[in-house]
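Thanks, everyone, for making the time this morning. I would like to walk you slowly through one structure, so please have a look at it on the screen before I go on.

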Amino acid sequence: APAPPPARHLFSDPAEVEALRGNLLAWYDRCKRDLPWRALAATEPDADKRGYAVWVSEIMLQQTQVATVIDYYNRWMQKWPTLQALAQASLEEVNELWAGLGYYSRGKRLQEAARKVVSELAGQMPRTAEDLQKLLPGVGRYTAGAIASISYGQATGVVDGNVIRVLCRLRCIGADSSSPAVIDRLWDMANVLVDRIRPGDFNQALMELGATVCVPKAPLCGECPVKQHCQAWRRKLFGKPPAVPDVEDCGVGDCPLCPPATEPWDSSLGVTNFPRKAAKKPPRAMRTATCVLERRGCHGAPEYLIVQRPSSGLLAGLWEFPSLPLAQDLQEEKEREELADHLQAWMGWPVAAKGLQFIGEVIHIFSHIHQTYVVYSLCLDRDVTLDPALSPSRWVTEDEFHASAVSTAMKKV
Ligand code: SF4
């Protein structure tokens with residue numbers, strides 16, 4: 001069994017834990033942001049409705065800023081106020097509402113899970129973090145803990161990016177914060193700290209602290225309600241690790257949670273010495289040729305051809321202008337030829353590569369892909385009969401394009 005971590009990195013004093021909980025909850029009661037899912041979770045008497053609302057908000061908040069989520073959340077809850085309503089929606093409707101929020105598989109999985117609750121669980125959400133994670137597709141350990149604590153009052157901790165930052169600073173954890181050893185310790189810590197009477201509020205308070213006070217670059221330590229429990233802050237003030245009774249200074253040596261000896265505390269960084277992450281892999285570069293095919297619609301207004309992407313993989317099920325991934329370092333002439341061949345399938349007649357007008361390049365960064373769209377256009381002077389054997393496709397006006405389930409990248413194009 002691995003050796004227990006040095007006490008410096010734990011919350012082993014019950015009196016300190018109690019004081020930290022009290023200070024954090026009192027601050028949260030005073031300073032918390034007014035958010036629609038919080039209002040619903042606090043006032044809704046039906047536990048399943050609370051669970052559903054928190055679930056929707058948590059899935060939307062993964063990788064997305066609160067300010068962006070609010071409008072999407074409100075529209076979603078207006079359209080599908082219950083799990084049962086969501087289970088009856090089509091994937092196309094879900095993608096349309098989700099358009100612009102990014103990470104599109106989230107909406108799809110949310111809807112699949114709602115169908116599962118209705119068809120296999122008699123419409124009742126699982127009530128514990130363990131069951132939520134086990135039974136609902138797309139619900140990981142964090143989301144399960146958030147739903148169970150906020151909606152059902154289970155005393156279980158949560159660890160997200162904000163909590164990682166706060167806990168690493170509170171306990172001077174400087175080993176790679178994405179390593180399993182550190183993540184396991186942080187979950188243990190979150191489960192020790194969570195308030196037994198107000199677990200949902202406590203978890204939200206810890207995340208709120210990370211989002212508004214203990215922020216990545218310039219934390220507001222002077223205003224922090226838990227600064228007296230924060231080892232990083234004390235270290236910054238006093239220039240050395242705080243004294244912990246009966247504990248060796250584990251700042252050197254082979255402590256699995258301290259910063260590596262090769263990258264010790266940097267006093268110019270202060271509390272932002274923590275957390276530390278291994279360097280991220282650079283995003284993969286991809287080039288895609290895309291063509292905006294335009295025709296005159298029956299009322300003379302321009303119409304554009306959009307086609308649907310496959311139902312799995314990046315941007316699954318969304319609509320886009322006919323597009324073709326390109327090999328890197330292809331000559332421009334060759335790119336045109338490949339795109340012209342690809343378009344021929346849609347047109348049903350040969351497309352001359354030189355007839356494609358180069359418009360420019362659009363860069364869009366997905367989380368792990370640096371995508372360059374090489375944009376061409378082609379105006380058609382005769383009609384095209386779309387082949388139903390190919391991927392679904394349709395002609396849309398500009399307004400219809402914007403109302404369709406298209407990604408932000410395609411809107412840029
Ligand atoms: Fe974060 Fe500063 Fe508060 Fe410590 S004192 S938890 S570093 S804001």
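Let me begin with the record: UniProt, in an unreviewed entry, places a feature named "domain: HhH-GPD" at residues 60-212. What you are looking at is a predicted model, and in that model the chain over residues 60-212 is 67% helix and 0% strand, with its end C-alpha atoms 19 Å apart.

Stepping back to the whole chain, we find it divided into domain 1, which covers 7-273, and domain 2, which covers 284-403. The centres of domain 1 and domain 2, taken over C-alpha atoms, are separated by 41 Å.

How many residues of domain 1 are in contact with domain 2? There are 6 of them, and they meet 10 residues of domain 2. As for area, domain 1 and domain 2 bury about 560 Å² between them, and 48% of that lies on carbon and sulfur atoms. On the side of domain 1, the residues that lose the most area to domain 2 are E92, N95 and Y104, which together account for 60% of what that side buries.

Now to the polar side of this interface, where the rule finds 0 salt bridges between domain 1 and domain 2, although it does find 3 residue pairs in polar contact, with both residues at pLDDT 80 or more. Helix α6, residues 91-98, contributes 3 residues, the largest share of the side of domain 1 that touches domain 2. By residue class, that side of domain 1 divides into 2 nonpolar, 1 polar and 3 charged residues.

Technical notes
Residues are numbered from 1 along each chain as its sequence is written. This is a predicted model: local features need pLDDT of at least 70, side-chain atom pairs count only at pLDDT 80 or more; totals for chains, interfaces and linings use all residues. Side-chain values use heavy atoms; hydrogens and water are left out. Domain bounds come from an automatic or database domain assignment. Contact means heavy atoms within 4.5 Å. Buried area is the accessible area (1.4 Å probe) that two parts lose on being put together, summed over both. A salt bridge is a side-chain nitrogen of Lys or Arg within 4 Å of a carboxyl oxygen of Asp or Glu. A polar contact is a pair of N or O atoms within 3.5 Å; within protein, one must be able to donate a hydrogen and the other to accept it, and residues adjacent in sequence count only if both atoms are side-chain atoms. Helices (H or I, at least four residues) and strands (E, at least two) are DSSP runs, numbered from the N terminus. Ala, Val, Leu, Ile, Met, Phe, Trp, Tyr, Cys and Pro count as nonpolar, Asp, Glu, Lys and Arg as charged, and the others, Gly among them, as polar. UniProt positions are given in the numbering used here, feature names are shortened, and annotations may be inferred rather than shown by experiment.
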